[in-house]
Amino acid sequence: MDCRPIIEKLRKEQDAQMEELRYLLEHLDEESSAYLRAAAAEEAVRHFGRKIYLRGLIEFTNYCKNDCLYCGIRRGNQNAVRYRLTLSQIMECCKMGYELGYRTFVLQGGEDAYFNDERMCEIIRSIKKEYPDCAVTLSLGERSEESYRVMHKAGADRYLLREETSVPEHYAMLHPKQMSLENRLHCLEILKETGYQTGCGFMVGSPGWQLEYLARELCYIKKLRPHMIGIGPFIPHKDTVFAKETGGSLDLTLNLVAMLRLMNPNAMIPATTAVGTIDPRGREKAILSGANVVMPNLSPVSVRKNYMLYDNKLCTGDEAAECRKCLDARIRSIGYEIVTDRGDYREF
Ligand code: 5AD
Ligand code: FES
């Protein structure tokens with residue numbers, strides 16, 4: 001068998017058998033990878049033009065009750081310097097972002113009980129009142145159905161919750177046993193039902209990964225029909241049990257971005273910070289493999305070093321909102337342009 005017929009099938013049918021996906025992941029060489037990525041980029045251009053959507057990431061708390069084995073802000077990491085942004089600090093981030101052309105704000109944090117529904121709704125309402133033309137995306141982990149509902153009612157438009165892996169035996173290798181995959185996947189269903197544009201995703205090459213698991217993940221995501229899909233390479237963090245593990249590869253990440261694009265043509269797929277962290281041109285390469293979103297950091301510079309999910313996370317220079325111009329130039333250098341509209345999910 002050859003890779004080309006499977007790539008053509010993905011292009012035409014937006015789907016393939018699990019065995020075919022697995023075969024592709026195993027046999028893609030330099031030439032067929034280039035072909036796959038170009039096909040995915042073409043598909044993205046067909047739907048979105050050469051437009052890249054912007055989201056401003058506000059990492060507003062690094063307190064977390066969970067202890068995910070891979071994560072630098074896990075509860076058990078005594079070396080993490082904890083912080084919470086105040087409402088006025090968050091509004092300040094939005095103000096700066098708005099002036100720079102951001103029309104989506106992503107509030108991301110650990111699972112922090114301080115930010116209960118009342119406090120979250122106050123933040124969401126404040127942003128929507130001040131910036132009615134902006135979308136608010138939440139990324140706060142697992143919460144109750146009621147909580148998702150009231151935050152949506154308060155004006156939140158979108159929600160990101162990566163499943164990390166939908167394969168039970170793999171999930172168990174990455175999380176303490178108090179955490180349940182079942183609940184995580186249930187949350188994704190609830191979020192969709194509640195009316196959020198919903199994002200899922202996973203880390204590529206996280207400890208215990210196998211090609212077969214990745215093929216299963218692609219099938220899971222296809223079936224979920226998410227509005228957004230975020231993936232990035234696993235990157236070890238020095239204060240975690242996985243400190244000495246190998247990180248995920250750039251090539252595999254780019255091939256998966258491309259396969260996800262062909263299988264989910266309408267989805268908003270970011271060129272993530274993690275892919276920009278392992279390769280200085282990683283985000284550009286992800287765009288040329290079918291990604292259509294970038295999410296620069298709008299958090300105050302003083303706290304950025306404390307939101308270290310993994311080692312050497314991009315947090316200065318280009319990543320800084322102050323450097324919007326550099327980002328524009330980077331994107332233009334590959335023949336795309338950053339656009340400032342909300343960039344909602346649309347069925348084509
Ligand atoms: N390497 C790469 N990505 C990570 N994340 C958390 N820890 C790491 C790590 N060590 C990702 C997870 C999470 C998102 C916010 O960051 O996928 O969902
Ligand atoms: Fe916070 Fe995983 S460590 S959710």
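These entries record what I looked up about cysteines and salt bridges in a predicted model.

**Basis.** I worked with a predicted model, in which local features need pLDDT of at least 70, side-chain atom pairs count only at pLDDT 80 or more, and totals for chains, interfaces and linings use all residues. Residues are numbered from 1 along each chain as its sequence is written, chains are lettered from A and ligands numbered from 1 in the order in which they are written, and side-chain values use heavy atoms, without hydrogens and water.

**Cysteines.** I searched for disulfides (a pair of cysteine sulfur atoms within 2.5 Å) and found zero. For cysteine 134, the closest cysteine sulfur is that of cysteine 94, at 7.7 Å, which is too far for a bond. I noted that cysteine 134 is buried at 0% relative accessibility (buried means under 20% relative accessible area, exposed over 50%, partly exposed in between, with a 1.4 Å probe and protein chains only).

**Salt bridges.** I then turned to salt bridges (a side-chain nitrogen of Lys or Arg within 4 Å of a carboxyl oxygen of Asp or Glu), of which the structure holds 28. Lysine 313 and glutamate 59 form one of them, with N and O 2.8 Å apart. Both lysine 313 and glutamate 59 are buried.

Glutamate 347 pairs with arginine 225 at 3.6 Å between the closest N and O atoms, and both residues are exposed.

I also examined arginine 281 and glutamate 284, whose closest N and O atoms are 3.7 Å apart. Arginine 281 is partly exposed at 40%, whereas glutamate 284 is buried at 3%.

Finally, I recorded a network of salt bridges linking Lys128, Asp157, Arg158, Arg342 and Asp344.
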